[in-house]
Amino acid sequence: MRFNSQRKIRRFRPIIYLGLLPLFSILVLFAYYPAINGLSKSFYEWKFFEASPFIGFNNYRNMLADDVWWEAFGHISLVLLAGVTIMWLLPLLAVEMLISLKNQRIQFVLRTALLFPLAFPIIVTIYLWGFIYNPNQGVLNVALNQLGLASLAQNWLGDPKTALWALIFINFPWIAGLPFFVFLTGLQNIGTEIFEAAALDGASRLKRFFLIDLPLLKKQFRLLFILAVINILQFGITAQALTEGGPDNATMFPIIRILNVAFRGGDWGYAAALSTTLFVITFLISTFIFLVSRGEKNNDKSL
Amino acid sequence: MTSLSKTARPRRNNRIRVQQSTLVAILSFLAFIGLFPYLFMVLTSLKNNQQIVDSYWGLPIPAHFENYVAAWDQTKNYFITTFIVVSATVIAVLLLGLLSGFLFARFSFLGRNFLFTVVGLLLMVPSIAALIPLFVLSKDLNMLNTIWVLIIPSIAANLILAVILFRNFIDSIQQELFDAAQVFGATNTQIFRYIVTPLSFPIIGTVSLLTMINVYNDFFWPLLTVTDDNLRTVAIGIQFFQGQNATDYGGLMAGYTLASVPLLLLFAFLSKYFLAGISGGLATPDK
């Protein structure tokens, strides 16, 4: 019987493997091979058109003494910290205000307006903010001058003291993004009964926020944290496009360091070692969070 | 207050109205800050440098549409390249993703779970970690500075999530449909064409949109692999264009606005798939 064998009996079917062949040829050649090759070449002094001698852990030993590399990690940690604190605060408040609106139509219009910046290309947003920070004609300095606060005007991206924070403040108020969306669906899924019960018991809006909304969003926070760790690497685009890691390495990020080592320094083996380290660290952090959150999920069940 | 007197009710209504209006005002203000850079971009794109100095915040009167003509002249190749790369990637991702998703979801074969895990594991490798070896591979294959170096790696990168989304979706289609089709003598090819593909339409929309956004926004890969100006994608071309027009702010803003149009159109037509895609993409790693 053909239709029963479809799902139940496991057997070797040449035609199926033939159908999967294109998928696996592409993935093996352009995803698995580079990943594994990068790992193995991190133990070599990798050169083009010359012999590449095996040098053991030398690349990794050099990395330990690479101040720029660790400085870059400091920067990315700061961005991650900002990404899971201040960059969540305004979206969360906006969601709370939005779901308190009684008029559905106004709610929809405002939600669309708040999320609208998502529809613009990342690079356009980055360059627009580059213009906002422009020392001469930029929006920020022009506004400060006209408000009589000329003394506060800065070369925002050109000064090592302000450059990193200027990059972090790109996209302020950070509402058009995944956190807003996740908080919104999270609170909308809770169901109105709980909120109505709380209102009947005389819980104030503030009380409700701390005692009901925040605890119920726990799962969402965990998810957003994993995504923040994985996505933090993307932040390198902003720095590469606007500052290329400068001034004075003030906005150096791991990815920019890797590219500089490879493309400017020609040290491909070292770049492979740095990439591998980056991968291992991301992997460990996300696995750790995954395991921790899985443990908590089981606890929830046993309760 | 034990009972609502005749004066208390309107007062309470008034308080709610004030409260609601305050919320609307704050949210509108936040939305305005978020949208301000883009409003400023569109207004400034129609000004010349003199107007930018004279009326920095004002409306562009008279409007200088020639900024757009100049920007289009300098960037049109980037749009053509991007169009080719995006279309080729989306078509390949849909064909291979749908076929592989169908095979993984509806057939039993030796090594099915192992092979599916092999695909899923790649989700854990951040693309940036494989950038250097992938570049060397493309160099060894003599693909640098060709259209293929833009297309093939982005097919590989976008196929991973696509296969997983397609498999999960096709897996959730009711078995009765397949049984019925087979009773009527439909071949597997016919099932794929007339049942699986039409039913998968929503997920096809999601995968297409996510792939198009990813490829359009891809920055580091085209930056590293392409130096021929005709092969620059919009994301990279805009950087070059920026360097060429460093102080012609009106022209720059016109270029940025043009670069935004394709994604704005995509969102206008496909935004419901985007929301579905976010929740779908979120559901996957949680499983």
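1. In helix α3 of chain B, the residues Thr82(B), Val85(B), Val86(B), Thr89(B), Val90(B), Val93(B), Leu94(B) and Gly97(B) meet Ile204(B), Val207(B), Ser208(B), Thr211(B), Met212(B), Val215(B) and Tyr216(B) of α9(B), where a contact requires C-beta atoms, placed from the backbone, to lie within 7 Å. The residues of this contact divide into ten nonpolar, five polar and no charged, with Ala, Val, Leu, Ile, Met, Phe, Trp, Tyr, Cys and Pro counted as nonpolar, Asp, Glu, Lys and Arg as charged, and the others, Gly among them, as polar.

2. Please keep in mind that this is a predicted model, in which local features need pLDDT of at least 70 and side-chain atom pairs count only at pLDDT 80 or more, while totals for chains, interfaces and linings use all residues. Residues are numbered from 1 along each chain as its sequence is written, and chains are lettered from A and ligands numbered from 1 in the order in which they are written.

3. The axes of α3(B) (residues 66-106) and α9(B) (residues 201-217) come within 9 Å and cross at roughly 145°; axes are lines fitted to C-alpha atoms, for helices over the stretch in contact, and angles run from 0 to 180 degrees between N-to-C directions. Helices here are DSSP runs of H or I with at least four residues, and strands are runs of E with at least two, numbered from the N terminus.

4. Chain A has 16 helices and zero strands. Its radius of gyration, taken over C-alpha atoms, is 25 Å, well over the 19 Å that the globule rule gives for 303 residues, so chain A is more spread out than a compact globule; the rule is 2.2 Å times the number of residues to the power 0.38. The C-alpha trace of chain A spans about 80 × 75 × 35 Å along its principal axes.

5. Of the 303 residues of chain A, 33% count as buried, a term that asks for 20 or more other C-beta atoms within 10 Å of the residue's own, whereas 12 or fewer make a residue exposed and values in between make it partly exposed, with C-beta atoms placed from the backbone. In helix α7 of chain A (residues 122-132), eleven of the eleven residues are buried, so this helix is largely enclosed by the rest of the structure.

6. The contact between the chains takes 71 residues from chain A and 69 residues from chain B. Helix α2 of chain A (residues 14-41) gives the largest share of the side of chain A that touches chain B, namely 15 residues, and by class that side has 54 nonpolar, nine polar and eight charged residues.

7. Leaving aside neighbours within four places in sequence, Ile123(A) is in contact with Ala241(A), Phe219(B), Ala235(B) and Ile238(B).

8. The peptide bond from Phe172(A) to Pro173(A) is cis, with omega near 5°, and Trp174(A) has a positive phi of about 60° although it is not a glycine. Trp174(A) counts as buried, with 21 C-beta neighbours inside 10 Å.

Terms used:
Two residues are in contact if their C-beta atoms, placed from the backbone, lie within 7 Å.
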